[in-house]
Amino acid sequence: MAGYLEMVKLGKTYETPNGPAVIVEEFDLELSQGEFVTLIGHSGCGKSTVLSMVAGLNPISDGAVLVGNREIEGPGPDRGVVFQAPCLLPWMTAFENVMLGVAKVYAHGTDRQRREIVEHYLSLVGLADAMHKRPAELSGGMKQRVGIARAFALAPKVLLLDEPFGMLDSLTRIELQELLLRIWDSLKITTLMVTHDVDEALYLSDRITMMTNGPAARVGEILEVPFPRPRDRAALLETDEYYELRERLIGFLEGQELERGPLVDAA
Ligand SMILES: Nc1ncnc2c1ncn2[C@@H]1O[C@H](COP(=O)(O)OP(=O)(O)O)[C@@H](O)[C@H]1O
Ligand SMILES: [Mg+2]
């Protein structure tokens, strides 16, 4: 299948006090429609840089990003984004936070239709009873549920997730992985997700893209994850294949560590 989301020789050079720094170079990746791909790599290698360029939030230095064969120019409602911290407006309720985007994207609809969309997605993420609470009254996991509801409510063509569960405790993280997968299974939105958690990558993705270490990071290896869907975490953990794939991921990441030489504490 032809690429639906395409990164073509994507590159990023940041201007720094010490001159230009090439962080990502010739990054090539194609996602077919409805595919779930994760991007894994060491901290500081350039994962967020790639994702933010795809989101249109970070200027592209070289190459291009295409969605449905059209080159992106800046952010757009065709791409929904979920970050590590959900950036909710503190003076607004969960409902109002989600409505903010929905009002823009469904400007042609009626008030009632917009309200139903917001309620539908907040219920889907388990916040039916909390949708009129403000962020200060919500736990970290609940806030991230709002972030997920907001992204899906805009019916984007592409979903972009940057370590959305990175700040959550491990039980909440697992709960939200289940939730994301359940919604994704029913909508099959083309998804690119950054993570540095190998188990999260194996559980969620169709393919895992391993990024080399920067500077000048690019696609190292791509791993196909052949497990059938809908997935059952417990069943996966009982297969030998799961551990073989896990070993390959960890092997790649350790190899990158060796190439980098002495550990530097990247951000
Ligand atoms: N605005 C910026 N200016 C200069 N350097 C940056 C900027 N943003 C990120 N970097 C550098 O680019 C590298 C990759 O960062 P990032 O994409 O955030 O990595 P990751 O998400 O993989 O942890 C890091 O070395 C970081 O310090
Ligand atoms: Mg990052």
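Mentor: Start at ligand 1. Around it stand 14 residues, and Tyr14, Ile23, Lys47, Ser48 and Thr49 come nearest. A residue counts as near a molecule or strand if its C-beta atom, placed from the backbone, lies within 6 Å of it. This is a predicted model, where local features need pLDDT of at least 70 and side-chain atom pairs count only at pLDDT 80 or more, while totals for chains, interfaces and linings use all residues. Residues are numbered from 1 along each chain as its sequence is written, and chains are lettered from A and ligands numbered from 1 in the order in which they are written.

The shell around ligand 1 divides into 5 nonpolar, 8 polar and 1 charged residues. Here Ala, Val, Leu, Ile, Met, Phe, Trp, Tyr, Cys and Pro are nonpolar; Asp, Glu, Lys and Arg are charged; the others, Gly among them, are polar. β1 and α1 each supply at least two residues of this shell. α1 gives the most, with 3 residues. Such elements are DSSP runs numbered from the N terminus: helices are H or I with at least four residues, strands E with at least two.

Now follow β1 into its sheet. Four strands form an open sheet in the order β2-β1-β4-β5, with antiparallel pairing. β2 (19–31) and β5 (70–71) are the edge strands, each pairing on one side only. Two strands pair if DSSP finds at least two bridges between them. β1 (residues 5–16) and β2 are joined in the antiparallel sense over 9 bridges. Within that pair, Thr13 stands opposite Val22 in β2. Helix α1 (residues 47–55) packs on this sheet and touches β1, β2 and β4 (62–67). Its direction makes about 115 degrees with that of β1. Contact means C-beta atoms, placed from the backbone, within 7 Å. Angles run from 0 to 180 degrees between N-to-C directions, with axes fitted as lines to C-alpha atoms, for helices over the stretch in contact.

Move on to the other sheet. It is open, has 6 strands in the order β6-β7-β8-β3-β9-β10, and its pairing is mixed. β6 and β10 (219–224) each have a single partner strand, so one side of each is left without a neighbour in the sheet. On average, neighbouring strands here are turned by 20 degrees against each other, direction ignored.

Look at the β6 end. Arg79 and Val81 point one way from β6 (residues 79–82), Gly80 and Val82 the other way, and all are buried. Buried means 20 or more other C-beta atoms within 10 Å of a residue's own, exposed 12 or fewer, partly exposed in between; C-beta atoms are placed from the backbone. β6 runs parallel to β7 (residues 158–162), with 4 bridges between them. Val81 has Leu160 in β7 as its bridge partner. β7 also pairs with β8 (residues 190–195), parallel again, over 5 bridges. Helix α4 (residues 140–153) lies across β6 and β7, at about 175 degrees to β6. α4 and α3 (111–124) are among what covers the buried residues of α2.

Finish in β9 (residues 207–211), where Met210 lies. Met210 counts as buried because it has 23 C-beta neighbours inside 10 Å. Beyond its neighbours within four places in sequence, Met210 has contacts including Ile40, Gly41 and Phe252.

Key. Contact = placed C-beta atoms within 7 Å.
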